[in-house]
Amino acid sequence: MKEQIFISIDSGKHTTKAILQGVDIFKTVQFRTKIQEVSDIGIDIPLDSYKVDYESKQYLVGSIVPETQSDFNLSKESYIHKIAIYTAITELMRMANLRFYDKSIRIAVNVPIHVYKKQALKNSFKKFIENNNLPIQFCLNDMQYNFHLSEVTICFEGMGLTYANHEEQKNATSVVLDIGGLNTTYCTFVGVQPNFNSMNVSHLGINTLKTDLECELVEKYNCNISSDDLEHIIQKGYFSNMGKVEEESKEIIQNIKKKHFDKIINYAKQHNYTFNQDHIYFVGGGSLILKEQIQINLPEASIVVNPQYANVKSFMEILKVKYL
């Protein structure tokens, strides 16, 4: 009997995160969900990026790709997410020094809550990722991989660590806010049971914050600001122009973050969230960007450790319950 290998993947609009686990094996990978079609590429590929050959086309994947190539569509049934998921699978198998032919690969991937709630949409995405049950020929950094995906498990975004920490959660009520690149997902739980009616999603991901910040900075400093600039500005917490740090920009950035956090909470309240649960958890990479605002305005709330990996850890737990 083939050894089972579990791979859980959270392919977000900003970053793809994934975990591989087997007997005495544990590997993780994350990279930016940015893809650009290229041809006859001759440059050295940095460690956080990849060269992919798939279906007679060549792509660059990861941080090497400019921000303008990010995906801003709501749907994840897209080529960019399929390639990101296949990249995560093959890279993890490479890191673990495993071969597809002698392992049973169990895969879990994420979908937005509005897709998870519709069986037809879930089935369509499942078939898409499984390549309609056809063999997958995928070349990553000049290494050829041939594999087949079936019985892919579909998980919903916004579950956080609820299933990964099920023993702690089983007698508690909680609310999870998953702040992603494009959306913020909301869900309440009684124990580990999600409240179906509470599942909600807003367009208040970090991309909206970036748009608001760009408008403020352009108006203030009367200069062009690129998508790549915005990524660095948010990470640094200030704006530099012509080699000079604009001190006032620090306050502008903090004010934009505060307004954005308020929008996230107000959206929840408009959709019948009372926050009367035992625990309030913030997950997703956006939680790190809004960490200060969360701590000031909801001091009893928890930003989970490595919040960008929270969902993918629960996906892994779901796979184990399903197959072990």
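**Before selecting anything**

The structure is a predicted model, in which local features need pLDDT of at least 70 and side-chain atom pairs count only at pLDDT 80 or more, while totals for chains, interfaces and linings use all residues. Residues are numbered from 1 along each chain as its sequence is written, and side-chain values use heavy atoms, with hydrogens and water left out.

Colour the model by pLDDT, the predictor's confidence in each residue, from 0 to 100. The protein averages 95, and 100% of the residues score at least 70. Confidence is lowest in H4, at a mean of 89, and highest in S8, at 98. The labels H and S refer to helices (H or I, at least four residues) and strands (E, at least two), which are DSSP runs numbered from the N terminus.

**First stop: helix H3**

Select residues 119–129, which form helix H3. Lys122, Phe125, Phe128 and Ile129 are buried here; buried means under 20% relative accessible area, exposed over 50%, and partly exposed in between (1.4 Å probe, protein chains only). Seen down the axis of H3, the buried residues fall within an arc of 125 degrees, so they line one face of the helix. The arc is that of the directions from the helix axis to the C-beta atoms. On the other side of H3, Ala120 and Lys127 are exposed.

What do the buried residues of H3 pack against? Their partners are helix H1 (79–95), strand S7 (103–111), helix H2 (113–116), strand S8 (136–140) and strand S10 (153–156). Contact means heavy atoms within 4.5 Å.

Now move along the chain. Just after H3, Asn131 takes a positive phi of about 60 degrees. For another example, select Asp40, whose phi is near 50 degrees. Asp40 is found in the loop between strand S4 (35–38) and strand S5 (49–54), and it counts as exposed because its relative accessibility is 74%.

**Second stop: salt bridges**

Side chains of opposite charge can pair when their charged atoms come close. A salt bridge is a side-chain nitrogen of Lys or Arg within 4 Å of a carboxyl oxygen of Asp or Glu. How many salt bridges does a search of the whole structure find? The search finds 16.

Select Glu67 and Arg32, whose closest N and O atoms are 2.8 Å apart in a salt bridge. This pair links distant parts of the chain, 35 residues apart: Glu67 is in the loop between strand S6 (57–62) and H1, and Arg32 is in strand S3 (residues 25–32). Glu67 counts as buried at 7% relative accessibility, and Arg32 counts as buried at 10%.

Next, select Lys76 and Glu157, which meet in a salt bridge (2.4 Å, N to O). Lys76 is in the loop between S6 and H1, and Glu157 is in the loop between S10 and helix H4 (166–169), 81 residues apart. Both Lys76 and Glu157 are buried.

Then select Glu167 and Lys170, joined by a salt bridge of 3.0 Å, N to O. Are these residues buried or exposed? Glu167, at 52% relative accessibility, counts as exposed, whereas Lys170, at 48%, counts as partly exposed. Finally, display Arg32, Lys34, Glu67, Lys210 and Glu231 together; salt bridges that share partners join these residues into one network.

Phe189 is found in strand S12 (residues 184–190) and is buried, with a relative accessible area of 2%. Leaving aside neighbours within four places in sequence, Phe189 is in contact with residues including Phe156, Met159, Thr162, Tyr163 and Pro194.

Ser314 belongs to helix H10 (residues 310–323) and is buried, with a relative accessible area of 0%. Not counting residues up to four places away in sequence, Ser314 touches Met159, Gly160, Leu161, Thr162, Tyr163 and Ala164.

**Last stop: two helices**

Select helix H5 (residues 206–221) and helix H7 (residues 248–270), which pack at an angle of about 145 degrees, with their axes 10 Å apart. Axes are lines fitted to C-alpha atoms, for helices over the stretch in contact, and angles run from 0 to 180 degrees between N-to-C directions. Among the residues that meet are Leu209 and Leu213 in H5, and Ile252 and Ile256 in H7.
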